[in-house]
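Below are some notes on the two-chain model you sent.

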Amino acid sequence: MFDPIMYLKVFAIGGLVCMIGQILIITTKMTSARILVSFLLFGVVLEAFGWFEPIRDFAGAGISVPIIGFGASLARGAIDAGNVTGLLGVFTGGLTTVAGGLAAAIFAGYVFGLIFSSRTKK
Amino acid sequence: MNENERNLRYNAYVESKMPKTKPWPSLFHAFWVGGLICCVGELIKDLCLYIFPYMSTQEASNWALIALIIIAAFLTAIGIFDRIGAYAGAGTIVPITGFSNSIASPALEFKREGLVFGLMAKMFIIAGPVIVTGVVASVIVGLVYLFI
């Protein structure tokens with residue numbers, strides 16, 4: 001806990017992942033929706049091949065805070081619940097693990113959307 | 001002037017009017033802002049584990065994500081997130097904050113088109129594809145693991 005070396009690794013890997021995103025934006029002119037979708041898919045693939053766990057042990061939040069972590073949790077949930085409850089688990093597992101984040105994003109978006117109004121861009 | 005030529009000229013015009021981002025500084029901006037956001041996530045996780053010693057690491061990282069999501073939605077609502085985003089580019093899009101922003105931003109933007117078909121429907125204009133991709137891909141991966 002509160003290990004400075006860990007924070008250094010989190011900063012380096014997290015920064016690197018974001019820099020790769022920026023390189024993609026510059027070279028391919030991808031929109032932010034496409035960036036989010038590709039990184040999410042990348043996370044699913046990492047988890048499917050079992051490569052996500054070792055990276056997370058090394059870099060902690062540096063890989064789980066980027067949307068890659070969201071994709072990996074989805075895949076992990078579907079695989080784990082599939083092992084326990086079979087076919088039903090494949091369908092229920094993915095969304096179960098990301099339910100917290102998803103609900104928080106929808107709730108916060110709705111509440112703040114109601115309270116605040118969009119500012120006209122200058 | 002045929003249509004093709006006109007399109008080409010229009011593209012060139014759009015290109016000339018687009019705000020230019022210098023590639024090298026923007027890479028650096030994305031790096032340090034993105035790295036910092038991940039460190040904030042790690043810090044929230046560590047604080048949770050410190051304050052609640054019986055909390056599992058899994059729960060703590062879940063809380064960290066939820067906290068980042070709510071903070072990002074709030075910063076979007078008060079208009080600060082867009083300014084950080086203009087500076088950091090992918091540094092704010094790639095972390096989970098970008099996902100939160102992609103929900104909160106259209107929610108604010110389309111509120112004037114009504115509550116149901118404005119705010120609630122348009123919320124998912126970017127997050128929708130993300131959720132669809134994630135769910136479909138995770139079910140496919142789960143099926144593959146189930147049968148091999």
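1. Helix 6 of chain B is mostly covered, with 13 of its 14 residues buried. This is a predicted model, and the points below should be read with that in mind. From first C-alpha to last, helix 6 of chain B reaches 20 Å, close to the 20 Å expected at 1.5 Å a residue.

2. One partner of this helix is its counterpart by number in the other chain. Helix 6 of chain A (residues 87-115) packs against helix 6 of chain B at an angle of about 35°, and their axes are 8 Å apart. The crossing of these two helices is right-handed. On the chain A side, the residues that meet helix 6 of chain B include Gly101(A), Ala105(A), Gly109(A) and Gly113(A); on the chain B side, Phe99(B), Ile103(B) and Ala107(B) are among them. The contact has 11 nonpolar and 4 polar residues, and no charged ones.

3. Taking the interface as a whole, 63 residues of chain B are in contact with 64 residues of chain A. Helices 2, 3, 5, 6 and 8 of chain B each give two or more residues to the side that touches chain A. Helix 2 of chain B gives the most, 17 residues. This side of chain B has 42 nonpolar, 16 polar and 5 charged residues.

4. Which residues touch the most other members of the largest nonpolar core? They are Leu36(A), Ile67(A) and Ile69(B), in a core of 74 residues. Helix 3 of chain B supplies the largest share of this core, 10 residues.

5. Leu36(A) deserves a separate look. Neighbours within four places in sequence aside, Leu36(A) is in contact with Ile67(A) in its own chain and, in chain B, with Ile93(B), Gly98(B), Phe99(B), Ser102(B), Ile126(B) and Val130(B).

6. Helix 3 of chain B has 21 residues and reaches 30 Å from its first C-alpha to its last, close to the 30 Å expected at 1.5 Å a residue. Gly79(B), which follows helix 3 of chain B, has a positive phi, near 85°.

Definitions and conventions: Residues numbered from 1 in each chain as written. Chains lettered and ligands numbered in written order. Predicted model: local features only at pLDDT ≥ 70, side-chain atom pairs only at ≥ 80, totals over all residues. Contact = placed C-beta atoms within 7 Å. Helix = DSSP H or I, 4+ residues; strand = E, 2+ residues; numbered from the N terminus. Nonpolar A, V, L, I, M, F, W, Y, C, P; charged D, E, K, R; others polar. Core = buried A, V, L, I, M, F, W, Y, C linked by C-beta atoms within 7 Å. Buried ≥ 20, exposed ≤ 12 C-beta atoms within 10 Å, placed from the backbone. Axes fitted to C-alpha atoms, helices over the stretch in contact; angles between N-to-C directions. Left-handed = near helix turned anticlockwise from the far one by under 90°. Expected span 1.5 Å × (residues − 1).
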